[in-house]
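Open the model in your viewer and keep the selection tool at hand. The tour goes from one stop to the next, and each stop says what to select and what is there.

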Amino acid sequence: MDSAHALAAGSSSLLVWLIALPALGAAILLLGGRRTDKWGHVLATGLSGGSFVVGIVELIRMLGRSGENRGVSQHLFTWISVGHFNIEAGLLLDQLSICFVLLITGVGTLIHIYSITYMEHDLDRRRFFAYLNFFIAAMLLLVLGNSYLNLYVGWEGVGLASYLLIGFWNQKPVYATAAKKAFVANRVGDFGLSIAIMIAFATFGSVSFDGVAAGAGKLANLNSGALTAMGAMLLLAAAGKSAQFPLQSWLGDAMAGPTPVSALIHAATMVTAGVYLITRSNFVFDRAPTAQLLVVIVGVITLLFGAVIGTAKDDIKKALAASTMSQIGYMILAAGLGPAGYAFAIMHLLTHGFFKAGMFLGAGSVMHGMNDEVDMRRYGALRKFMPATFVTFGLGYLAIIGVPPFSGFYSKDKIIEAAFNAGGARGLIIGSAALLGAAITAFYMTRVMIMTFFGKARWAEGTHPHESGKLMVVPMVILAIGSVGAGALLSIGSSLKNWLEPVVSRGFVEPTPRLSPLLVSTLAIGAVALGVLIAYLKYVRQPIPELAPTDVSIFTRAARRDLYQDAFNESVFMRPGQYLTRSLGFLDRVFIDGAVNGIGALFGGTSVRARRLQTGYVRTYSLFILGGAAILVAAMLAARL
Amino acid sequence: MFPWLTTLGLIPLIGSGVIALLPKGRDLLAKQVALAISLVALLVSLLMLADFQKNSGGLQLVESHNWIASFGIKYAVGVDGIALLLILLATILAPIVILASWNEAENGRFSVKAFFALILILEAFMVGVFAATDVFLFYVFFEAMLIPVYFLIGSFGGTQRSYAAVKFLLYSLFGGLLMLAAVIALYVISKDQFGAGTFDITALTKLHIGVQLQRWLFLGFFIAFAIKAPLWPFHTWLPDAVAAATPGTAVLLVGVLDKVGTFGMLRYALPLFPDAAKFFTPAIIVLSIISVIYGALLAIGQTDIKRLIAFTSISHFGFITLGIFAMTSQGLSGATLYMVNHGFSTAALFLIAGWMISRRKSSLISDFGGLQRVTPVMAWTFFIAGMSALALPGLSSFVSEFLVLVGTFTRYPWAAIIATVGIILAALYVLILVQRSLHGPIAPGNENLPDLSRREKYAIAPVLAVIIVLGFFPKPLLDVINPTVVQTMQVVGVTDPAPTGGK
């Protein structure tokens, strides 16, 4: 592979506007304050849309160039320059980042539109739109930065946006805590990203994608310590941002944010940044098989972990969040497969962006019509009352469980296939895990579907479900269209794969498949059918109690408690940490400060008087110290002369 | 050439005299005069930039006059890029502190005008200590600074002010006198080697000092600076001093004055005793890492806002000394930039925390809550200050912190990795503080707190603007710092490690 190939061939002065437009929106809305209340949401939506238009223009230009010359860059200014550490603020738009640009601005704009109605009665709607614009800008910086350090700015920027939006209603202590938890978990990941950047600089003298790719390309042997360590640290970063094991625990709590936020940030875009990071760093991972194996392991664990949690959640948003975790697990798994999987990771990321965002908006629509109820045990029979929501959500459902020809079928099927093709026992294990995940996905999503839209109404008293307004329905419809068609569009003729090839898998020759694609598809569809059937038997043939049953198996209990991830973190990190900070505070006062005061008391005479330090003692102390210094000087002079 | 530095020192000094001469009871006039004087000093310091050549690493704007000729002591001043920025930090923060402290001096042991006169005296001494190029003169300013600070804390602070002021003074005196011993020894050695004794810093770096003696002298300087900085385990005076001091005093103390410690390490301890510095580097790296982690852990456990901020500073000073003793260009430039950035960041934290405390009449974090609803502007400014403290990328502190880390990593990877844990802890102490004070339901007693006044907004806006602008454009500062760092590295005799290439 020719990794030294520069990622950008030309330049474009438009790139900065992708970020500048929404950033400007955020600045105007935040600094303008209440004066912008009346029109702020329109401005924010317009600017997000403007950014999308710039993205389309760049796409058209890109299509006009040949494969190797599609990347463009823009130099903005010198950011940091010390010794060999030279960081330009520069942007890079290539075949990989354009996918993200269109996803972020496209889905982002739809969610802006949806939020106009969804947040209509919130006193702080303007602030909400300011944060949304800020998020779009930061996310675009994340995918457009041409170096790891530029990416880092966007990386923490989206973390901040996520924090602000999860805690948008932070007057509720639980929500404020959820926001803090997300930030801290992300910071653990950021620790990894920081170290990865340091390794890159210490090893290659550069932290730009071009520079690291060139340096890694010169390494003759695989698995150099530096690359493996860098890969592992990048994986830690990805785990934090993308809610992967063992840093996944924040995502469920993040559902405290308003539902459009869950759709945009915690489903379609930000949480997939880890997949971007790994795919972008293909030049590192392709030469560090050990790190790649770690990626695969994390992906497999998380895809099962999330799926299992998803089976036990009664809160519709938390069920969808668990599902997001699981679906990103698929993407991480695919990215860990190297050139054979990058394109499928991105494909699943894009289709997931459509169907999961659509389903979250659907969930928001349901909540909107149900007095903000989130407990699916108090839903039921909503298909008659919210037909548009039902149909759009239903299409997303068919997509996520992987029914052909909906989009999720293409993308997930490819991942399962690639997993089996990894070969040997490894291929068999991860392929089977991916199949099992597909079955569980079908089960828990069918459960969500049945509990929400079918069966008997189990509504709380005084609930009058109704379909949401046009501004909410239209984005749901558009996303549903994507859920239906995106997979075929990206998959047939390997269009996305060929598109990304110059960036992520140049010169990669696909091995002959170990299992026939048809067999894999059949197995996958079989697994899905099994999952649906079990859910049908369990939730259609039996009545759904309005209160969650308590006499459940130990597995359900564990899944309800997120497989004890919080309990683990609390007992291993939080409580010992609190104990540590408290005891250190005590030691600081008693020992370190005590020693100092003790010495003071020794000089001053009695400790009782020392505690009542008065100006008189300053003289005493000074005299003693001066005397000491004089003796010291004398001693030194004596030694010298 | 125009004596910029002397002028800059004299303006606040004369200003303080003018204020002292004002008739009794004219408090408002005293404040206005103080503000005007500090603004004039700021203006002069900005004009001074025109005569500063940014590409040169050596001393500039030098002035030298005999003072005590029989001992070779001179009134000699001059600045390199590092000293220049720290002087600018002092002249920028002084008017901000004066404006922010408008109503902070009413309950002091002395009059209001004394408070503002002391602030100006302190400003003058800070200019002096950073500008001095004669080691004895430096020592004089180093000790002289204690006087205004002692009275500022002891006379205008909170309940524990006497205890805190005395503790501060004793710690500093102890360190200062160790340094004095080393200074005198330097003089004796220079007399030995040059024939005539001198305190000139440039001349003194050419001394050949035996290994054993070098180590002792290094420790004399280093302990004085480590107390000032403050480095673990010399830190316990800081939380007490800061908790007792008015917010304005705390800003000048932690934001500027304590930088004398880290500045001294760079300007004096490293170039004068390079071999000893290298000998002690492993130990100092360890102390720095302990400071980073220990300060952060203690910050997490604090219940008092000001003490919390004090411990964050201990953590941040750990980063600064780490960067200095990593002895790479990124570490040294990062540490210098950190000194400036920390000055602004900590100024924002202390000033806003001070306004919160004076409104609520309590500094306990648990007495706050829900301020985002009651005082949105104050809450926002505090939030941004907090983000700066946790070094969010895009804000100035990120650039310096990352430079320190990356500069440390190239030489001491494990030290950098442990210090990076500090960024997780920083998220904890900032977000816990933010959650308890700004989020949640409105705590009883907070319902009617007024938001920031116009005066307060004018005081804090420039600080926040600097924090944001320097996050994206640190270049003007780095352009001034880098040549000086290159020169320091030459004097000490170190070069950056080359990229390993991953073999």
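**Two helices that cross in chain B**

Select α4(B) and α6(B): α4(B) passes α6(B) in a left-handed crossing. This is a predicted model. From α4(B), the contact is made by B:Ala114, B:Phe115, B:Leu118, B:Ile119, B:Ile121, B:Leu122 and B:Phe125, and from α6(B) by B:Pro148, B:Val149, B:Phe151, B:Leu152 and B:Phe156. Sorted by type, the residues of this contact are 12 nonpolar, no polar and no charged.

Now look along the two axes. Helix α4 covers residues 112-131 of chain B and helix α6 covers residues 146-156. The axes are 9 Å apart, and the helices pack at an angle of about 150 degrees. Angles over 145 degrees count as roughly antiparallel, so α4(B) is roughly antiparallel to α6(B).

**Helix α2 of chain B**

Next, select residues 27-48 of chain B, which form helix α2. This helix has 22 residues and reaches 31 Å from its first C-alpha to its last, close to the 32 Å expected at 1.5 Å a residue. Its buried residues include B:Ala30, B:Val33, B:Leu35, B:Ile37, B:Val44 and B:Met48. B:Lys31, B:Ser38 and B:Ser45 of α2(B) are buried too. To see what covers the buried residues of α2(B), show α1 (4-21), β1, α3 (81-100) and α4 of chain B, which are among the covering elements.

Most residues other than glycine have a negative phi.

Select B:Leu61, which is found in strand β1 (residues 60-68) of chain B. Phi of B:Leu61 is near 55 degrees, a positive value, and the residue is not a glycine. Is B:Leu61 buried or exposed? B:Leu61 has a relative accessible area of 6%, so it is buried.

Then go to B:Ala391, in the loop between α17 (376-389) and α18 (396-409) of chain B. B:Ala391 has a positive phi of about 60 degrees. With a relative accessible area of 3%, B:Ala391 is buried.

Most peptide bonds are trans. The next two stops are cis.

In chain B, select B:Trp232 and B:Pro233: a cis peptide bond joins them, with omega about 0 degrees. B:Pro233 lies in the loop between α9 (211-228) and α10 (237-244) of chain B.

In chain A, select A:Phe245 and A:Pro246, which are also joined by a cis peptide bond, with omega about 5 degrees. The loop that holds A:Pro246 runs between α8 (225-241) and α9 (250-253) of chain A.

**Two buried residues in chain A**

Stay in chain A and select A:Glu58, in helix α2 (residues 40-63). A:Glu58 is buried, with a relative accessible area of 1%. Which residues are in contact with A:Glu58, leaving aside its neighbours within four places in sequence? They are A:Ser12, A:Leu14, A:Leu15, A:Val72, A:Leu93 and A:Ile98.

The last stop is A:Val520, in helix α21 (residues 517-539) of chain A. A:Val520 has a relative accessible area of 1% and is buried. Not counting residues up to four places away in sequence, A:Val520 touches A:Asp413, A:Ile416, A:Glu417, A:Phe420 and A:Leu515.

Notes. Residues are numbered from 1 along each chain as its sequence is written. Chains are lettered from A and ligands numbered from 1 in the order in which they are written. This is a predicted model: local features need pLDDT of at least 70, side-chain atom pairs count only at pLDDT 80 or more; totals for chains, interfaces and linings use all residues. Side-chain values use heavy atoms; hydrogens and water are left out. Helices (H or I, at least four residues) and strands (E, at least two) are DSSP runs, numbered from the N terminus. Buried means under 20% relative accessible area, exposed over 50%, partly exposed in between (1.4 Å probe, protein chains only). Contact means heavy atoms within 4.5 Å. Axes are lines fitted to C-alpha atoms, for helices over the stretch in contact, and angles run from 0 to 180 degrees between N-to-C directions. Angles under 35 degrees count as roughly parallel, over 145 as roughly antiparallel, 65 to 115 as roughly perpendicular and the rest as oblique. A crossing is left-handed if the near helix is turned anticlockwise from the far one by less than a right angle, and right-handed if clockwise. Ala, Val, Leu, Ile, Met, Phe, Trp, Tyr, Cys and Pro count as nonpolar, Asp, Glu, Lys and Arg as charged, and the others, Gly among them, as polar. The expected span of a helix is 1.5 Å times one less than its number of residues.
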